[in-house]
Amino acid sequence: MAPPAPARSGQRAVDKGDPDDELVSRVARGDPAAARALVARKLPRLLSLAGRMLGDGGDAEDVAQEAFVRVWKQAPRWRPGAARFDTWLHRVALNLCYDRLRRRRELAYAEPPERVDEGPGPDRGLQAADTGRRVSAALRALPERQREAVVLCHYQELGNIEAAAVMGVSVEALESLLGRGRRALRAALIDLKET
């Protein structure tokens with residue numbers, strides 16, 4: 001589990017005090033309680049990240065599962081202090097999302113897959129559900145790198161420095177991607193009133 005390359009110019013060095021190091025080393029030793037704790041700690045954020053990138057809950061679950069399989073396989077090779085585990089895990093999940101998005105483009109469906117509407121019931125929340133769908137559609141319409149920046153910073157709540165490290169770009173490049181993504185979202189959703 002080689003950590004990402006050193007920070008590029010404009011990025012701060014990775015903080016050596018990683019809160020996950022001890023847990024990852026316990027996973028590497030085969031501690032089942034540590035494995036459960038790591039899943040409990042990281043699964044909600046991985047599902048959120050993959051769900052927003054892919055727009056499909058089933059695919060998000062598959063991505064999270066594959067990311068944890070990679071954690072189990074790579075944990076014995078993890079080098080504490082070389083990089084933040086959370087940053088590495090986000091990068092793995094994003095790469096798995098991009099793999100699925102590429103495969104989707106390669107597959108031609110005869111019929112669109114059936115989806116269950118997970119929104120609120122028809123008697124309430126219709127406007128909120130419509131707004132949520134419009135925001136999700138506008139987010140999916142962004143170029144991949146802009147979408148990745150917006151999802152990491154706004155939905156995953158990573159700071160600019162950590163998001164830039166996950167994406168492998170400088171903080172300035174991340175801020176540029178965020179700015180363009182936000183402008184595109186504002187333009188796509190200009191008719192929505194602020195509540």
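Buried means under 20% relative accessible area, exposed means over 50%, and partly exposed lies in between, with a 1.4 Å probe and protein chains only. This is a predicted model, in which local features need pLDDT of at least 70, side-chain atom pairs count only at pLDDT 80 or more, and totals for chains, interfaces and linings use all residues. Residues are numbered from 1 along each chain as its sequence is written, and side-chain values use heavy atoms, with hydrogens and water left out.

Q: Is Cys-97 buried or exposed?
A: The cut-off for buried is under 20% relative accessible area. Cys-97 has a relative accessible area of 0%, so Cys-97 is buried.

Q: How many disulfides does a search of the whole structure find?
A: A disulfide is a pair of cysteine sulfur atoms within 2.5 Å. Cys-153 is buried at 12% relative accessibility, and Cys-97 is buried at 0%. Over the whole structure, the number of disulfides found is zero.

Q: Which residues of H8 are buried?
A: Helix H8 covers residues 171–188, 18 residues in total. From first C-alpha to last, H8 reaches 26 Å, close to the expected 26 Å, where the expected span is 1.5 Å times one less than the number of residues. The buried residues of H8 are Val-171, Leu-174, Leu-177, Leu-178, Gly-179, Gly-181 and Leu-185.

Q: Which residues does Val-24 touch, not counting residues up to four places away in sequence?
A: Val-24 is in helix H1 (residues 21–28) and is buried at 1% relative accessibility. Its C-alpha lies 8.4 Å from that of Pro-76, although Val-24 and Pro-76 are 52 residues apart in sequence. Contact means heavy atoms within 4.5 Å, and with that rule Val-24 touches Ala-75, Trp-78 and Phe-85, residues up to four places away in sequence not being counted.

Q: Which residues does Asp-59 touch, not counting residues up to four places away in sequence?
A: Asp-59 sits in helix H3 (residues 57–74). With a relative accessible area of 18%, Asp-59 is buried. Leaving out residues up to four places away in sequence, Asp-59 touches Leu-54, Arg-100 and Arg-104.

Q: How many residues apart are Asp-86 and Lys-42, a pair that links distant parts of the chain?
A: A salt bridge is a side-chain nitrogen of Lys or Arg within 4 Å of a carboxyl oxygen of Asp or Glu, and the structure holds 13 of them. In one, the side chains of Asp-86 and Lys-42 meet at 2.9 Å, N to O. Asp-86 is buried at 8% relative accessibility, and Lys-42 is buried at 9%. Asp-86 lies in helix H4 and Lys-42 in helix H2, and their separation is 44 residues.

Q: Where do Arg-84 and Glu-162 lie?
A: The side chains of Arg-84 and Glu-162 form a salt bridge of 3.6 Å, N to O. The pair ties together parts that are 78 residues apart in sequence, because Arg-84 lies in the loop between H3 and H4 and Glu-162 in helix H7.

Q: Which residues do salt bridges that share partners join into one network?
A: Asp-191 and Arg-134 form a salt bridge, with the closest N and O atoms 2.8 Å apart. That pair links the segment after H8 with helix H5. The network joined through shared partners consists of Asp-20, Arg-41, Lys-42 and Asp-86.

Q: Why is the pair of Phe-68 and Trp-72 stacked?
A: Rings of Phe, Tyr and Trp (its six-membered ring) pair if their centres lie within 6.5 Å; planes under 30 degrees apart count as stacked, over 60 as edge-to-face and the rest as tilted. By this rule there are four aromatic pairs. The rings of Phe-68 and Trp-72 have centres 5.7 Å apart and planes at 25 degrees, so the pair is stacked.

How values were computed
Helix = DSSP H or I, 4+ residues; strand = E, 2+ residues; numbered from the N terminus.
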